[in-house]
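Q: Please take a close look at the surroundings of the ligands. What lines each site, and which parts of the chain supply the residues?

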Amino acid sequence: MSMIAAFYGGKSILITGATGFMGKVLMEKLFRTSPDLKVVYILVRTKAGQTTQQRVFQILNSKLFEKVKEVCPNVHEKIRAIYADLNQNDFAISKEDMQELLSCTNIIFHCAATVRFDDPLRHAVQLNVTATQQLLLMASQMPKLEAFIHISTAFSNCNLKHIDEVIYPCPVEPKKIIDSMEWLDDAIIDEITPKLIGDRPNTYTYTKALGEMVVQQESGNLNIAIIRPSIVGATWQEPFPGWVDNLNGPSGLIIAAGKGFLRSIRATPMAVADLIPVDTVVNLTLAVGWYTAVHRPKSTLIYHCTSGNFNPCNWGKMGFQVLATFEKVPFEKAFRRPNADFTSNIITSQYWNAVSHRAPAIIYDFYLRLTGRKPRMTKLMNRLLRTVSMLEYFVNRSWEWSTYNTEMLMSELSPEDQRVFNFDVRQLNWLEYIENYVLGVKKYLLKEDMAGIPEAKQHLRRLRNIHYLFNTALFLIAWRLLIARSQMARNVWFFIVSFCYKFLSYFRASSTLKV
Ligand SMILES: CCCCCCCCCCCCCCCCCCCCCC(=O)SCCNC(=O)CCNC(=O)[C@H](O)C(C)(C)COP(=O)(O)OP(=O)(O)OC[C@H]1O[C@@H](n2cnc3c(N)ncnc32)[C@H](O)[C@@H]1OP(=O)(O)O
Ligand SMILES: NC(=O)C1=CN([C@@H]2O[C@H](COP(=O)(O)OP(=O)(O)OC[C@H]3O[C@@H](n4cnc5c(N)ncnc54)[C@H](OP(=O)(O)O)[C@@H]3O)[C@@H](O)[C@H]2O)C=CC1
């Protein structure tokens, strides 16, 4: 019997960010392994015209929850969706709901965040810092609370090369930042943002670091733990391999590469690609929830959920395997044949951006205009290159994260828990994982049918022929122009032609002699 699964039985659990990538997988695993839990409260806002109930209905009816519905048929009765907007005072939760949350909650998993790299500082602070502070305040009024688990990121201190399982102070106190956001206007905030974030690459990593400081400062008597995952990717094993439902991290780039839009990237092939499957993160999170509540560590423990020091993979290997999978299972209607050139040189990368990305987009838009359609490729390409430029920071560096607490926790688990809540990435086979990831992107993000693979392969062959034809035509035109203008080119041309002629005459003569 799993001790962790038994621990969650009969518990009332509060999850923020349950509609997000990690939150959904967390909820799924909780219901699948502890179907006898009492209730899961989720804080949900309305979005894209959908009510909170409609959003929950959509999640429960997705493929991700198929197994859950078998083991916990009344799952819909055990989810209590509470309308909440984490950007508002008291999260805009009604009095009755708040009362219920305060009096019943046993465990909190705080996953909600803005993960956008380009969010204005004011918004990132509101969600990643102020909302965390408010949630801690709520937690301090919960008499039955056993553990508060805060999800941060391994990159909250990405300005350092070696990162320990400790909270590093930021130069400006989070409270001062929160206060200043109230009275500074947007223009001033934009001006001081680069100074505040310092050597971090974006407002996301900076505000996640501030969020951790808030957790440390406001923890009071709470039983708190912080989890820092690295780049969270598709599921490895559970509930099935390759599940993914958003474009964050590598997923968007896999699509862009598979569709032939993105063919080269400024990345260091030997840099560690610290990817971690989302089910691994969720298993560690649930184990940490159990350990924090049962063992009540004296201080706030931080757990790095990373793969680099256990089972490293680098970007070069990852790109190679992604490309190999495209050969087997190509994406439909590709713009160009997929390619994955990794170069760490800025000039080479700019050259490839011009030749391999912008030029084909301009040519395609010209073709669209000629055929009376609206040009769109240049705009799309500019947007993609902007996205890529924001991710480049993370694919040109390697980090070392110490993992003493994570290893300690692994050793504290019973063999059954190590199996059911497996977060040992030493067992992960990267080639298999990446192949499933690409397949998952095709099936669950692009919603492409496997039956379309022969047609997709045929399309890629057509693109290859167009590519050869285009390059040959380009070469002949360039050569013709050169010959017309340069004596030297003419000499070279005559030399090549006479050499070929002599070679052919010799070949013909020697074959006649043999007869
Ligand atoms: C040769 C190539 C070979 C390739 C081989 C293949 C694989 C091997 C190599 C793989 C290397 C992986 C490196 C990962 C490093 C991650 C490090 C994470 C570290 C921290 C981890 C964390 O702790 S935290 C989670 C990470 N947090 C994000 O990862 C959010 C990022 N994101 C944004 O901050 C916003 O997205 C941003 C960008 C501002 C745009 O903002 P924006 O307003 O312009 O755009 P939107 O978001 O509205 O999206 C507008 C259109 O871009 C499309 N799109 C959105 N994301 C996209 C994406 N990633 N790749 C493509 N396309 C994307 C979308 O589909 C829309 O398309 P459409 O216009 O057609 O609808
Ligand atoms: N994905 C990754 O690569 C990594 C993620 N992390 C961390 O993991 C956690 C989860 O990330 P992930 O699942 O990928 O992120 P997602 O963007 O998929 O999910 C974010 C969640 O936060 C919710 N949320 C955002 N704003 C509000 C708001 N104002 N009110 C209520 N809810 C809100 C979203 O709700 P809605 O659906 O309504 O938008 C969504 O449920 C985050 O803390 C992130 O920092 C850490 C390392 C890597």
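A: Helices here are DSSP runs of H or I with at least four residues, strands are runs of E with at least two, and both are numbered from the N terminus. By that count, the protein in this predicted model has 20 helices and 13 strands.

Ligand 1 comes first. It is surrounded by 33 residues, and the closest are Thr153, Asn248, Gly252, Ala340 and Phe394. Helix 15 has the largest share, with seven residues. Sorted by class, the shell around ligand 1 holds 21 nonpolar, seven polar and five charged residues.

Ligand 2 has 28 residues around it, of which Gly17, Thr19, Gly20, Ala112 and Ala113 come nearest. At least two residues of this shell come from each of helix 2 (21-33) and strand 8 (231-233). Helix 2 gives the most, with three residues. The classes in the shell around ligand 2 are 14 nonpolar, 10 polar and four charged.

The rest of the picture concerns the protein as a whole. Its C-alpha trace spans about 100 × 55 × 50 Å along the principal axes. The protein has 515 residues, and 39% of them are buried. Among contacts with a separation of 6 or more, 84% join residues 24 or more positions apart.

Definitions and conventions: Residues numbered from 1 in each chain as written. Chains lettered and ligands numbered in written order. Predicted model: local features only at pLDDT ≥ 70, side-chain atom pairs only at ≥ 80, totals over all residues. Near = placed C-beta within 6 Å. Nonpolar A, V, L, I, M, F, W, Y, C, P; charged D, E, K, R; others polar. Buried ≥ 20, exposed ≤ 12 C-beta atoms within 10 Å, placed from the backbone. Contact = placed C-beta atoms within 7 Å.
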